[in-house]
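Student: Could we go through this structure together, one question at a time?

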Amino acid sequence: MGILNVTPDSFSDGGRFEDPNAAIEHGSRLVDDGADIVDVGGESTRPGSDAVSAEEELRRVRPVIEGLVERHPAHPISIDTRKAEVAAAAIESGATIVNDVSGARDPAMFDTVREHDASMVLMHMRGDPRTMQQAPTYRDVVAEVKEYLRERVEAAEFAGVDPECVVVDPGIGFGKDLEHNLELLRRIDALIEIGRPVLIGPSRKRFLGTILDLPEGERVEGTAGAVAWAVARGVHVVRVHDVKQIVRAVRVIDAIAKVRA
Ligand code: HH2
């Protein structure tokens, strides 16, 4: 899954793709570089960020989704949003997957996904982006995240969403400190036991900067390290900025694991 943030303030690529044409170009590059899914987002969820309105999110993402669908008609596009209204409009523009970092807190989200026959990613986040990094504590981070994701998959099913269309994500960096992030990766097998495909998004994140003492632009190898660990243990989807490099790393892991040609 390649990241396409159409925002002024994303932590790594904020401001680079505010112009729809630049965003469409970048999305096309992600496809050419081997992204199976392009994840389009119009709201930053970096720690401390403020929420934006549905109108503003749609103003940012809609022309980009439409432009990408025109260029790559059969290529899956996900919409990174917490708002059912944005998800619905994005699906009508051509997205087929809803990537919801709030685990579908919007009461209309499951109905929207079901009505549009879409797929969805349910992610774990402690609190909300404005406050989530203020001393997060867990008794057992893996057990709590696993329990939460299990409950959200059940809630999706209860609302009529086909559970076969649901992917789960522990939410690296969302209300977790360094040790929480490492523990979630260390025991990622526990999340695979949920029985749904698992997605992780370690790309260029702060925990890599802490380990390596490097800025965002210098974290591609660290991202590859986290991805290699997770994919070798059965993680199905990785959400990354540096698609070309990470696809190469994953192809090697897949060849060793005989996952696909
Ligand atoms: N991380 C970010 C955004 N969306 N979605 C999923 N499923 N998993 C993640 O780990 C995840 C996500 C944050 O990264 P980024 O998009 O690069 O930054 P920002 O939120 O500042 O736009």
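**Questions and answers**

Tutor: E57 is buried, at a relative accessible area of 0%. Buried means under 20% relative accessible area, exposed over 50%, partly exposed in between, with a 1.4 Å probe and protein chains only. This is a predicted model: local features need pLDDT of at least 70, side-chain atom pairs count only at pLDDT 80 or more, and totals for chains, interfaces and linings use all residues. Residues are numbered from 1 along each chain as its sequence is written, and side-chain values use heavy atoms, with hydrogens and water left out.

Student: Which side chain makes a polar contact with the side chain of E57?

Tutor: E57 lies in helix α2, residues 54-71. Helices (H or I, at least four residues) and strands (E, at least two) are DSSP runs, numbered from the N terminus. A polar contact is a pair of N or O atoms within 3.5 Å; within protein, one must be able to donate a hydrogen and the other to accept it, and residues adjacent in sequence count only if both atoms are side-chain atoms. At 2.4 Å, the partner of E57 is K83.

Student: Are the residues G2, L4, I3 and N5 of β1 buried or exposed?

Tutor: In a regular strand the side chains alternate between the two faces of the sheet. In β1, G2 and L4 are on one side, and I3 and N5 on the other. Both faces are covered, and these four residues are buried.

Student: Which residue in β2 stands opposite L4?

Tutor: Two strands pair if DSSP finds at least two bridges between them. β1 and β2 (residues 38-41) run parallel, joined by 4 bridges. Opposite L4 stands V40.

Student: Is D117 buried or exposed?

Tutor: D117 sits in the loop between α4 (109-115) and β5 (119-123). Its phi is near 55°, a positive value in a residue other than glycine. Most residues other than glycine have a negative phi. With 73% relative accessibility, D117 is exposed.

Student: What is the relative accessible area of D213?

Tutor: D213 belongs to the loop between α8 and α9 (220-232). Phi of D213 is near 55°, again positive in a residue other than glycine. D213 is exposed, and its relative accessible area is 68%.
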